[in-house]
Amino acid sequence: MTQHRTVDDSKALIVTYVTDMLALEKHIQQALVGQLKSLGESPFRAQLSSAESVCEKHIDVLTRWSEKHEQPGQGFAKTVKTAVSSVLGAGAAVVDLIRSEELPKDLRDDYTAVSLACIGYVMLNTAALALGEADVAAIAELHLADHAQLSMALTHAIPQAVVELLKEKGHAVDESALPTVNEIIHRAWQPADRAERETADAHASLPH
């Protein structure tokens with residue numbers, strides 16, 4: 001027999017989900033701030049600065065909501081600190097705050113962190129809709145859209161960063177590879193294009 005939780009139980013659960021996302025946003029922002037300090041002049045500075053601003057905006061929204069719905073007997077700061085371990089767990093090294101000396105690897109770690117935020121907001125949005133928390137569902141949807149855009153921007157920035165690093169290391173680089181990589185990325189994220197390509201490959205393999 002299913003035991004139905006009270007409204008207070010549901011609210012407490014939503015608060016936990018929101019606090020987890022707040023902790024993750026703070027973690028990502030801290031990493032981006034550290035990266036920007038050590039980046040120097042770079043064509044990627046504007047992009048990373050924009051990502052940091054997105055996190056700052058999310059932190060402000062989540063903080064105001066969390067403070068408004070703080071659970072009795074729990075200090076807000078302590079709750080967020082505990083949430084860092086909860087949301088990152090054993091995967092904390094994946095979004096480590098110790099930055100690499102190589103920009104492509106930094107961007108890779110940023111992408112990993114943003115991807116974690118995306119699925120976290122999917123979970124928050126699902127829970128909020130299922131429990132009738134329309135305001136939280138709306139916040140999660142907006143923040144998910146922001147991080148989805150960041151994820152795609154990083155996906156296209158990383159190949160350029162790899163090419164720049166190879167040039168710095170003295171390798172002879174064919175920069176015409178970049179449009180090819182971008183096309184490969186586009187195809188990978190377009191299921192319809194992939195289905196058509198697989199159909200064409202199947203037809204090509206048939207005996208004539």
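Guide: Welcome! Two residues are in contact when heavy atoms lie within 4.5 Å, and helices are DSSP runs of H or I with at least four residues, numbered from the N terminus. This is a predicted model, in which local features need pLDDT of at least 70 and side-chain atom pairs count only at pLDDT 80 or more, while totals for chains, interfaces and linings use all residues. Residues are numbered from 1 along each chain as its sequence is written, and side-chain values use heavy atoms, with hydrogens and water left out.

Visitor: Where in the chain is confidence lowest, and where is it highest?

Guide: Read pLDDT, the predictor's confidence in each residue from 0 to 100. Helix H3 (residues 76-88) is lowest with a mean of 50, and helix H5 (residues 134-168) is highest with 95. Residues 90-94 have pLDDT below 50, and this stretch makes 2 contacts in the model beyond near neighbours in sequence. For the chain, the mean is 81, with 74% of residues at 70 or more.

Visitor: What span does H4 reach, and what would be expected?

Guide: The expected span is 1.5 Å times one less than the number of residues. H4 (residues 103-130), with 28 residues, reaches 40 Å from first C-alpha to last, close to the expected 40 Å. Just after H4, look for Gly-132, with a positive phi of about 75 degrees.

Visitor: How do H4 and H5 cross?

Guide: Axes are lines fitted to C-alpha atoms, for helices over the stretch in contact, with angles from 0 to 180 degrees between N-to-C directions. The H4 and H5 axes come within 8 Å and cross at roughly 165 degrees, so the two helices are roughly antiparallel (over 145 degrees). Their contact has 24 nonpolar (Ala, Val, Leu, Ile, Met, Phe, Trp, Tyr, Cys, Pro), 3 charged (Asp, Glu, Lys, Arg) and 6 polar residues (the others, Gly among them).

Visitor: Which residues do H2 and H5 use for their contact?

Guide: The axes of H2 (residues 45-68) and H5 come within 11 Å and cross at roughly 165 degrees, which makes H2 roughly antiparallel to H5. Among the contact residues are Val-54, His-58 and Trp-65 of H2, and Ile-139, His-143 and Leu-150 of H5. By class, this contact has 11 nonpolar, 4 polar and 3 charged residues.

Visitor: And what does H5 meet in H6?

Guide: H5 and H6 (residues 177-188) pack at about 155 degrees with axes 10 Å apart, so they too are roughly antiparallel. Thr-155, His-156, Pro-159, Gln-160 and Val-163 of H5 meet Leu-178, Val-181, Asn-182 and Ile-185 of H6. That contact holds 5 nonpolar, 4 polar and no charged residues.

How values were computed: Angles under 35 degrees count as roughly parallel, over 145 as roughly antiparallel, 65 to 115 as roughly perpendicular and the rest as oblique.
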